[in-house]
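Work through these exercises with the model open. Try each task before reading its solution.

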Amino acid sequence: TASFTILALVLASCGGGYGPRGGGVSQQTQEIKWGRYQNPPAAKVAGMQSWVEGFKARARSQGISDATLSLAFRDVTYNPEVIRRSQSQAEFKKSLWEYLENAVSEKRQTNGRAALSRFSVPLSRVEATYGVDKEVVTAVWGMESTYGERRGDMPLIEALSTLSYEGYRGDFFRSQLMAALRILQSGDIDPGHMSGSWAGAMGHTQFIPTTYLAYAVDFTGDGRRDIWSNDPTDSLASTANYLAKSGWQHGLPAAVEVTLPPGFNTGLAGKGKRRSVADWQALGVRQATSRPLPPAGTSTELLIPGGPSGAAFLITRNFHAILRYNNADSYALAVALLADRLKGYPGLSNPWPADAPGLRLEQRKEMQRLLTARGFDTQGVDGNVGSNTISAIRSYQSARGLPVTGEPSAALLDQLRRG
Ligand code: NAG
């Protein structure tokens, strides 16, 4: 059936990495269905209960007290919603420029400027203390939780227990669970308020438990490193502390757009191929906007993430500091560019390559609007091509006698405009 194919597609894009003991596709498909039920199978509940008992014994041997353990696990049970969310990420991989369009949207810039002015006092103190530009800290905040709006509402111990029990990502979640217990034992938070994403990222700037233990700070001076409450101060300071410890250099941009001369040898681009700004300039590389290049002696690498015809960037050690925070070039670029917009610099001057056969954000929204208007509900018009939109596309294609692919395309949008 159609829905089965969509699930298979979702699994394929997740790399099939999920499954209790690396089971086959049919087993994994069954897992997804459990995630959609309110009540998980009794076997899962019982299985996790006994797994938790075993884990408690390990935790005890590592110094976690009985009191902490019984509080931490009091209401914990197998949570199918965690599994569902772990499987519904990024079904449709965006191109870098689509990602940036959303990451550095007008709205995120406007909200970022509002956040900068509303929290100017703690942000300036954070910048003075850790030497990390306040616009950068704010940009991370905007990327991680939309300035505190989306901090995650999953009960953390339960989410990490469910993922650990399922053996998802090897030992990663078990280490996170152990670290989360240490946080509880430290008294910074109680289990009832320890919430986060399905994957254990907590608070305004989405610290995973091991990051929290290593880098979180009490900046308000109330005796608790509180990244969970509405006050973002401790989160912002913790983020600056993490970036500072990752080698941040104050005042240095993380990435600056440049233009390349005609016939430039693009073989010089790439991580690890470091040159001073002066050397790049001697090769004809130039400032692309009013955003000045870093000082002439600064060691940088050239990044051309959209290929030779797209925008080019010189990246500094600060780019690498952001990668420690989240190891994706797209993310580091988004933080760098958003921070620059918050500093008042203009957007990119060089366009990205044409986006065929995919669709740009506005076109995807138009596609969703038209699908819904034609009776194929996408459950919202947000430009995100998730399973609801894929399902709507399939139904539309099937009703019109087209090949049923579920894939958005320029041709599909044209067809939709016609009826
Ligand atoms: C990220 C962590 C990073 C860690 C990476 C891979 C934060 C802010 N970032 O979520 O420290 O190296 O996962 O595990 O916690």
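**Exercise 1: Helix packing**

The axes of helix α15 (residues 317-325) and α16 cross at roughly 120 degrees and come within 9 Å. Helices here are DSSP runs of H or I with at least four residues, strands are E runs of at least two, and numbering starts at the N terminus. Axes are lines fitted to C-alpha atoms, for helices over the stretch in contact, and angles run from 0 to 180 degrees between N-to-C directions. This is a predicted model: local features need pLDDT of at least 70, side-chain atom pairs count only at pLDDT 80 or more, and totals for chains, interfaces and linings use all residues. Residues are numbered from 1 along each chain as its sequence is written, and side-chain values use heavy atoms, leaving out hydrogens and water.

Solution. 

Step 1. Apply the classes: under 35 degrees is roughly parallel, over 145 roughly antiparallel, 65 to 115 roughly perpendicular, and the rest oblique. α15 and α16 are therefore oblique to each other. α15 passes α16 in a right-handed crossing (the near helix is turned clockwise from the far one; left-handed means anticlockwise by less than a right angle).

Step 2. Take helix α7 (residues 106-118) against helix α16 (residues 329-342): the angle is about 60 degrees, with axes 9 Å apart. This pair is therefore oblique. Its crossing is right-handed.

Step 3. Helix α8 (residues 120-130) and helix α13 (residues 233-245) cross at roughly 25 degrees, their axes within 10 Å. So α8 and α13 are roughly parallel. α8 also passes α13 in a right-handed crossing.

**Exercise 2: The ligand site**

Solution. 

Step 1. List the shell (a heavy atom within 4 Å): Phe172, Gln206, Phe207, Ile208, Thr211, Tyr242, Arg324 and Tyr325.

Step 2. Look for polar contacts (N or O pairs within 3.5 Å). A polar side-chain atom of Tyr242 lies 2.5 Å from a ligand oxygen. For Ile208, a backbone N or O atom lies 3.0 Å from an oxygen of the ligand.

Terms used: A polar contact is a pair of N or O atoms within 3.5 Å; within protein, one must be able to donate a hydrogen and the other to accept it, and residues adjacent in sequence count only if both atoms are side-chain atoms.
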